[in-house]
Amino acid sequence: MGNFNDVVRKLKELQSTIISKGGKVNVAHTNPSPDELIAGVKSIETNRPQVTAANGYAIIVAERAGTKIKLYKEDTNTLVNEITIGSGGYVTFTVDSIGSYKAIAYNSEGTEIWFNSVSVNEPGVFNIKVGLPMESYSWDELNEAAAEGYIKYMFNKWDSKKLSSFMGSTTADHRTAYFIGSEHDDAVGGGKAGATFMILTTKSKYKHWNTSNTNDNGVSWVGSLIRQNCLKAGEDYYTFDKTVTESTSGTYYVFDDVNGVFVEQTLPNNYVAGTKYYTKTTLEADGAFIAGLPEGFVNYLVQVKKRTWAGYGGDVTSETLAKLDSRVIETHDWMFAPSSSEVFGTTDRFTGTVFDKRELDGEQYEAFKEFKENRFRYSADRWFRNPSVPSSNYFCYWATSGYVYYYNANITYAVPLCFCIGNKSA
């Protein structure tokens with residue numbers, strides 16, 4: 001049976017193994033605790049390069065096809081190695097000691113295009129980002145980097161690229177797309193979308209529904225007027241009809257929780273008391289957000305799965321919390337408003353009694369995980385996609401203060417629109 005020192009040694013061995021695989025172990029005291037090691041294991045990116053050298057130091061650099069990368073020990077200007085990237089992607093350099101390292105990138109003609117450095121201070125995998133702004137790359141190049149999975153090694157979160165215009169506006173606020181996550185969103189066709197971007201605000205303001213009793217009529221995000229602007233011509237959206245009774249006749253739809261789809265029902269023959277019944281509408285033209293993209297840009301978009309709780313429903317007319325519909329509806333979206341959980345995670349940024357089912361509405365994007373107050377504050381209130389519990393009238397919105405409030409869904413606010421590019425195969 002091992003003694004205390006044996007246990008400590010094993011814990012530290014596990015810590016070193018996690019770090020060597022690209023994980024991060026935050027130790028509150030002298031030795032790592034089991035909970036800290038578990039968190040470290042969860043932080044490992046399964047598709048991230050691992051350290052293979054015995055000393056446990058490695059550096060990743062990514063770029064486009066044909067780029068030559070030279071790596072130097074910065075303090076001595078000693079060349080460590082040089083590698084030419086083949087078809088585009090990342091290369092991994094093995095280094096033998098801690099210290100500061102510099103990467104210099106050259107194009108196929110041998111001209112220097114950028115340089116950048118990183119400090120290696122412990123065993124693990126370190127990343128030297130490109131030394132050019134994201135704006136220097138075309139959307140074609142960014143789309144390829146996202147699809148091939150190396151965009152995360154090239155850029156930092158909150159790096160940005162402008163659309164040529166959006167919905168007729170060339171103002172920077174209305175067309176600058178910020179990189180907020182990589183391989184975060186599930187693609188409808190399988191696998192992950194390579195990169196997610198957010199346009200912080202729209203020029204015009206929008207409402208979730210035309211009348212205030214929206215969570216009854218609009219049924220959360222699935223029937224939102226904002227969401228309709230995110231869809232293409234020929235696509236369907238479903239709107240909850242609370243007027244349906246046992247004597248109602250016609251074709252309606254119910255949400256199938258098991259398969260995540262809407263199923264056609266003929267009433268009154270198939271009527272079931274307490275069930276939410278929806279009507280279906282097919283768009284005859286692209287929604288305003290899709291139509292407002294630059295020509296050809298829609299070809300980059302990856303349709304992704306978004307989850308949002310269903311709000312009030314069925315024959316429920318009371319606003320008591322006990323009569324909520326706890327189901328989550330999955331929608332397929334080309335563009336979307338984020339949920340409050342995708343921005344704030346589990347952090348309590350809610351005011352008053354506002355509460356949404358944020359544990360069901362998606363995980364926090366990487367860009368918001370490192371708390372920076374200025375990332376949450378903006379000069380305009382903007383809608384989230386998720387409804388709020390206190391009333392069937394309310395949706396959550398992202399307030400200028402950087403907190404989550406709620407208001408009637410027939411009020412107009414701008415929208416922090418998100419979209420994904422780079423369809424990675426499953």
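The largest nonpolar core here has 85 residues. A nonpolar core is a set of buried Ala, Val, Leu, Ile, Met, Phe, Trp, Tyr and Cys residues joined through side-chain atoms within 4.5 Å. Buried means under 20% relative accessible area, with a 1.4 Å probe and protein chains only. Ile59, Trp139, Met335 and Phe419 have the most contacts inside this core.

A word on the source. This is a predicted model, in which local features need pLDDT of at least 70 and side-chain atom pairs count only at pLDDT 80 or more, while totals for chains, interfaces and linings use all residues. Residues are numbered from 1 along each chain as its sequence is written, and side-chain values use heavy atoms, with hydrogens and water left out.

What does phenylalanine 419 touch, not counting residues up to four places away in sequence? Its partners include Trp139, Phe197, Phe297, Trp334 and Met335, where contact means heavy atoms within 4.5 Å.

Next, the rings. Rings of Phe, Tyr and Trp (its six-membered ring) pair if their centres lie within 6.5 Å; planes under 30 degrees apart count as stacked, over 60 as edge-to-face and the rest as tilted. The count comes to 31 aromatic pairs. In one of them, tryptophan 139 and phenylalanine 197 are 5.3 Å apart centre to centre, with 70 degrees between the planes, an edge-to-face pair. Tryptophan 139 is in helix H3 and phenylalanine 197 in strand S10, so this pair ties together parts that are 58 residues apart in sequence. Helices (H or I, at least four residues) and strands (E, at least two) are DSSP runs, numbered from the N terminus. Both tryptophan 139 and phenylalanine 197 are buried.

Phenylalanine 297 and phenylalanine 419 have ring centres 5.5 Å apart and planes at 90 degrees, so they are edge-to-face too. Phenylalanine 297 sits in the loop between helix H8 and strand S15, and phenylalanine 419 in strand S21, 122 residues apart. Both phenylalanine 297 and phenylalanine 419 are buried.

Last, a sheet. Three strands form an open sheet in the order S4-S1-S7, with mixed pairing; two strands pair if DSSP finds at least two bridges between them. Why is one side of S4 and of S7 left without a neighbour in the sheet? Strands S4 and S7 stand at the edges, and each has a single partner strand. S1 and S7 pair in the parallel sense over five bridges.

Definitions and conventions:
Buried < 20%, exposed > 50% of the residue type's maximum accessible area, 1.4 Å probe, protein only.
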